[in-house]
Amino acid sequence: MPMSQDQVIQTVLQSEDLPTLPAVASKLLIITGQEETTLTDIANLVSQDMALSAKILKVSNSAFYSFPQQISSINQAVSILGTNAVRSLVLSFSFLSMRTKGGCSKFNFEQFWEQSLAGAVATKLILDQVPGADTEEAFIAALLHNLGQLILASTLPELYEQVLTRLEEDKEADESAVEREIIGEEHAVIGYAVAEHWGFPESLLLPIRYHHCPDEYQGDDKTVAQCIKAIFLADILTGILFSDQPEEYHKIFRREAKQQLGLKVLAINKILKEVHKQVDQTAEYFGLSIKPTKSVEEILQEANLKLSLLNMSYEEMNRELIRSKMELEKATKELAQKNKLLENLANIDGLTEIHNHRFFQNFLDKEINRAIRNEGAVSLLLTDIDNFKKFNDTYGHQTGDFILKELCRICKEQIREYDLMARYGGEEFIFVLPETGPEDARTVAEKIRSTVENYTFDDGKNTYKVTISIGVASAHPSGRDFKKNEFIGLADQALYEAKAKGRNRVEMYKPGKKKKWFNF
């Protein structure tokens, strides 16, 4: 039977294995809470620790703050950065240097600090995209937000090991619920209690308490609320960087970033593009040794490559495994992975980041052969953006490129993992739906058309509306009579009819005289 909340907190606070803050950090928390404390008092305290002072000056003069003038003393740092910033730096260095005795064998302490740093960097990067947001203490609040995990791994290692084992066995389990079931309380509450015991200010305590559930924060402090939401989003973003389901976290991050903080598409794209570089740079500033962080783009491309390998036939998989083995004998594992990635890039359209025409042709060949072997069905959706030339002439090609890329992203979310969306040419896109008959194909096409019609394309400056027309062709391939190019032509005829009937509609190909292989 798990302990009560009070029992858990008392056990943790009285544990001999509870980590302690360095003396300078503890004293700094005390004096910064006193109204009579001066900037000189703070500078004198920090200056007592020469190593800590050197680290603070290094970060103060780095791109982390980007001050135009050189900061040469702690007095000058306190004067320019301010009390809260210096306190945050002291706590950051104290936390990153904190080491524990023994602890839970399943808990990876080095990975914990690496992910904590990534979350702190992501939080600051997210709030940089929120007009008027206060990022003064956001970095340290995010760095400490999972403090409770470290505390539980150190003070209640056997119970926390049970938690980690359960989470390993059940990937869908809710972390907080498992912690409450086994230990008696979740790590957010434990982290809050320990940080309160150490004398942390409320601006740091509240993000620790509510980072997993921002909607539960009922306070009226806008800065704290924004910080909590940013940390919540940063947790999702680190899921892209460190989990084995980056595509899922990527979708969730885009949705929640818009919902929680109202971020625009361009702001979200900037965060995703910059985060890996910022993590590596900040780790260097703070003297934390971590392996280079992969970009979000590279992580998602590798995930797509793995999915492509899973979709291969048995014979193709065997050939791929043999080829991979030969490559691994000639080069390192890392080089082999890079080669596979480069091969995959040859099949990706540079602008829209979906598969290109070449990949579509090969993919369709395989699906036709599969349908013939299994006596199954296959469908094509040929899509064209309505009046796109006029749109480009009106708003410019840069806006047009944004529309193409964003349209591909939202359309891909409407199809199954083993379906294909590829760029057919210009503003035309083609979908291949394996094992799909005409009625289901029409349903999918209508879902895609409706999604585009109802979506507001927002580039951060203006909003736009576009529509698409879709031609659908379905077939039940049988033997040598089946002609791939003729099949594509049927979808093209249906698309022509959709445009002729007024655009923004779905049309099915309806032959006057059916082909031998067109047997629906």
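# Close-ups of a predicted chain

Among contacts in the chain (heavy atoms within 4.5 Å) between residues at least 6 apart in sequence, 66% join residues at least 24 apart. This is a predicted model, where local features need pLDDT of at least 70, side-chain atom pairs count only at pLDDT 80 or more, and totals for chains, interfaces and linings use all residues. Residues are numbered from 1 along each chain as its sequence is written, and side-chain values use heavy atoms, with hydrogens and water left out.

**Figure 1. The whole chain.** Here you can pick out 24 helices and seven strands; these are DSSP runs numbered from the N terminus, with helices being H or I of at least four residues and strands being E of at least two. Along its principal axes, the C-alpha trace spans about 90 × 55 × 50 Å. Of the 520 residues, 50% are buried. Buried means under 20% relative accessible area, exposed means over 50%, and partly exposed is in between, using a 1.4 Å probe and protein chains only.

**Figure 2. Glu 168 meets Lys 106.** This pair makes a salt bridge, with the closest N and O atoms 3.3 Å apart. (That term asks for a side-chain nitrogen of Lys or Arg within 4 Å of a carboxyl oxygen of Asp or Glu.) Glu 168 sits in helix 10 (residues 157-169) and Lys 106 in the loop between helix 6 (83-96) and helix 7 (109-127), so the bridge ties together parts 62 residues apart in sequence. Glu 168 is partly exposed at 45%, and Lys 106 is partly exposed too, at 35%. The structure holds 22 salt bridges.

**Figure 3. Arg 449 and Glu 453 in helix 23.** Both residues lie in this helix (residues 438-454), four residues apart, or about one turn. Arg 449 is buried, at 10% relative accessibility, whereas Glu 453 is partly exposed, at 30%.

**Figure 4. A salt-bridge network around Glu 497.** Start with Glu 497 and Lys 501, whose closest N and O atoms are 2.9 Å apart in a salt bridge. Shared partners then join Glu 497, Lys 501, Arg 505 and Glu 507 into one network. Glu 497 is partly exposed at 29%, and so is Lys 501 at 45%.

**Figure 5. The second largest pocket.** About 1700 Å³ of space lies in here; the volume is the space filled by probe spheres set on grid points, which are joined across faces, edges and corners. A pocket is an open set of points on a 1 Å grid over the protein atoms alone, where a 1.4 Å probe fits, with protein on both sides within 12 Å along at least five of seven lines; lining residues have an atom within 4 Å of a point. There are 36 lining residues, and Gln 115, Gln 149, Leu 167, Glu 175 and Tyr 249 lie nearest the centre. Helix 14 gives the largest share of the lining, six residues.

Figure 6. Leaving out residues up to four places away in sequence, Phe 200 touches Leu 21, Leu 29, Leu 91, Leu 144, Ala 195 and Leu 205.
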